[in-house]
Amino acid sequence: QITNETAHDNNHRTEKSVARLHEAITRAAKLQAKTYTNERAAWLQILDKISHPVLYNLANDELKEKMPKDISPISDNPKERVSDQYLEALGRMLSGIAPWLQSDSGSTEEIKLRQRYRAWAIKAIANATDSTKKDYMNWDKGGQPMVDAAFFALGLIRCPWLWEHLDDLAKRNVVSSLLKKRKIMPGYSNWILFSGMIEAFFCKYGYDYDAMRIEYGVREFMQHWYMGDGMFSDGMNFHLDYYNSYVIQPFLKEIIDVVNAKTGKYVREKQRLAIINDRYSQIQERSVNNDGSFPAYGRSIVYRSGAFHHLADMAFHEQWSKSLSAGQVREALNAVMKRTLMARSIFDKNGWLMIGLDGSQPQQANSYITQGSLYLCTEIF
C-alpha cells in the first residue's frame with residue numbers, strides 16, 4: 001500500500017512537472033515569437049531610416065539639392081566623386097532593399113511601408129534616368145558609373161515588381177542608361193562582373209545582350225581566380241578584404257543563375273560555385289563576434305554591414321551552409337546590424353549616413369569613398 005501511494009504521488013508530481021514544462025515551453029515560444037517580431041520591426045525601422053532620405057528626395061527630384069557632399073578627406077578626384085555619389089546611393093541602396101520590395105509578406109504596418117517605398121522607387125528610377133529631370137544621373141562619364149549601374153541592375157533583377165511597374169518611357173530610359181556602360185572598359189578585377197551584371201539584366205528581361213561580357217567574367221573567376229577555401233582573388237592578385245562579399249560572390253552567383261535559367265549554359269559552374277559559396281558563408285558567419293563586431297581589414301571598410309552581403313544573399317536564397325542553422329545566420333546578421341547600423345553618430349542631423357565604420361570616422365575612408373558609397377551597407381537586408 002505504501003509503495004502504491006508513493007508511486008501515485010510520484011506520478012502526480014511527474015504530471016505536474018510535465019505540465020509546468022509544457023507551460024514553460026509555451027511561454028518561451030511566445031516570447032521567442034515576440035522577440036523575432038520585435039527584431040523584424042527594428043530591422044524595418046533602420047531600413048526606413050537609412051533609405052528614406054535617398055528615395056524620398058529622389059522621388060521628388062530633389063536628391064542633388066538635399067544630399068550633402070561629404071567625401072573622403074583624401075579624395076582622388078573630388079569634383080567627379082561628388083558627381084558620382086547620387087548613382088552610388090541609388091544603385092547600392094536599391095539592390096539592398098530590392099528583395100524586401102519584391103516580397104508581399106509582413107504585418108499591416110510593414111505592407112504599408114513597402115507600398116510607400118515601391119511608389120518612391122518607381123518615381124526615383126524615372127527621375128534618375130530622365131535627362132530632363134534635375135536628378136538625372138551620370139551614367140557615362142568616367143569609370144565609377146559602371147560600378148553603380150551594375151548595383152542598380154542587380155536591384156531590378158532582384159525585384160521584378162519594379163521593372164514590371166515602370167511605364168514604357170521609364171523602361172526605355174533605363175535601357176538607354178545601361179547601354180551607355182558598354183562604352184566603359186572595366187578594370188581587370190571584380191569590375192568585369194559589373195559589366196556582366198548589366199548584361200545579365202538585359203538577358204533576364206528579354207533584350208539583346210552581349211554574352212561575351214558575361215562569359216569573360218565567369219571564365220576568369222571560375223577558371224583562373226579561385227584561390228581555394230571559399231575565396232577568389234580580385235584579379236591577378238589576392239586581396240585580404242571583403243570584396244568576395246561586397247561584390248564577387250553575390251554578383252557571380254546572380255549572373256550565373258540568371259543566364260543558366262535562360263540558356264542552361266552554366267550548369268557545372270553553378271554546381272561548383274555553390275560549394276564555394278557554401279564555404280565562404282561558413283567563414284563569414286564564424287567571423288562575427290557575440291557583440292556584432294568583426295575583423296575590420298582591407299579596403300572599403302566604411303561599407304559597414306555591407307561586408308556581409310554574401311551571407312545575407314545566401315540567407316535570401318535559403319542556401320546557407322548545412323553546417324549552419326537559419327537561426328545562427330539570422331542572429332549573426334542581426335548582431336552586425338545592431339553594431340554597425342545603430343551605432344552612435346552614424347547619421348547626421350538630417351538623417352544622412354556619415355562616413356565611418358563605428359560611428360563617424362571620415363579618416364577610415366579610401367580615396368574613392370563618397371557619401372553615396374556608404375549605402376552598400378543596405379546589402380545586409
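**Notes on the cavity and the salt bridges**

1. The structure has 1 cavity of 30 Å³ or more; a cavity here is a set of points on a 1 Å grid, over the protein atoms alone, where a 1.4 Å probe fits but cannot get out. This is a predicted model, where local features need pLDDT of at least 70 and side-chain atom pairs count only at pLDDT 80 or more, while totals for chains, interfaces and linings use all residues. Residues are numbered from 1 along each chain as its sequence is written, and side-chain values use heavy atoms, with hydrogens and water left out.

2. What lines the largest cavity? You'll find Met146, Lys181, Arg182, Ser195, Ile198, Glu199 and Arg213 there (lining residues have an atom within 4 Å of a point). By class that gives 2 nonpolar, 1 polar and 4 charged residues.

3. On to salt bridges, meaning a side-chain nitrogen of Lys or Arg within 4 Å of a carboxyl oxygen of Asp or Glu: the whole structure has 20. One of them pairs Glu379 with Arg158, at 3.0 Å from N to O. These two sit 221 residues apart, with Arg158 in helix α5. Both ends are buried (under 20% relative accessible area): Glu379 at 3% and Arg158 at 8%.

4. Glu215 and Lys265 also form a salt bridge, at 3.8 Å from N to O. Is Glu215 buried or exposed? Glu215 is buried at 15%, whereas Lys265 is partly exposed at 47% (partly exposed runs between the buried limit and 50%).

5. Arg279 bridges to Asp229, with the closest N and O atoms 2.7 Å apart. Arg279 lies in helix α11 and Asp229 in the loop between β1 and β2, so the pair ties together parts 50 residues apart in sequence.

Key:
On a 1 Å grid over the protein atoms alone, a cavity is a set of points where a 1.4 Å probe fits but cannot get out, and a pocket is an open set with protein on both sides within 12 Å along at least five of seven lines; lining residues have an atom within 4 Å of a point. Grid points are joined across faces, edges and corners, and a volume is the space filled by probe spheres set on the points. Ala, Val, Leu, Ile, Met, Phe, Trp, Tyr, Cys and Pro count as nonpolar, Asp, Glu, Lys and Arg as charged, and the others, Gly among them, as polar. Helices (H or I, at least four residues) and strands (E, at least two) are DSSP runs, numbered from the N terminus. Buried means under 20% relative accessible area, exposed over 50%, partly exposed in between (1.4 Å probe, protein chains only).
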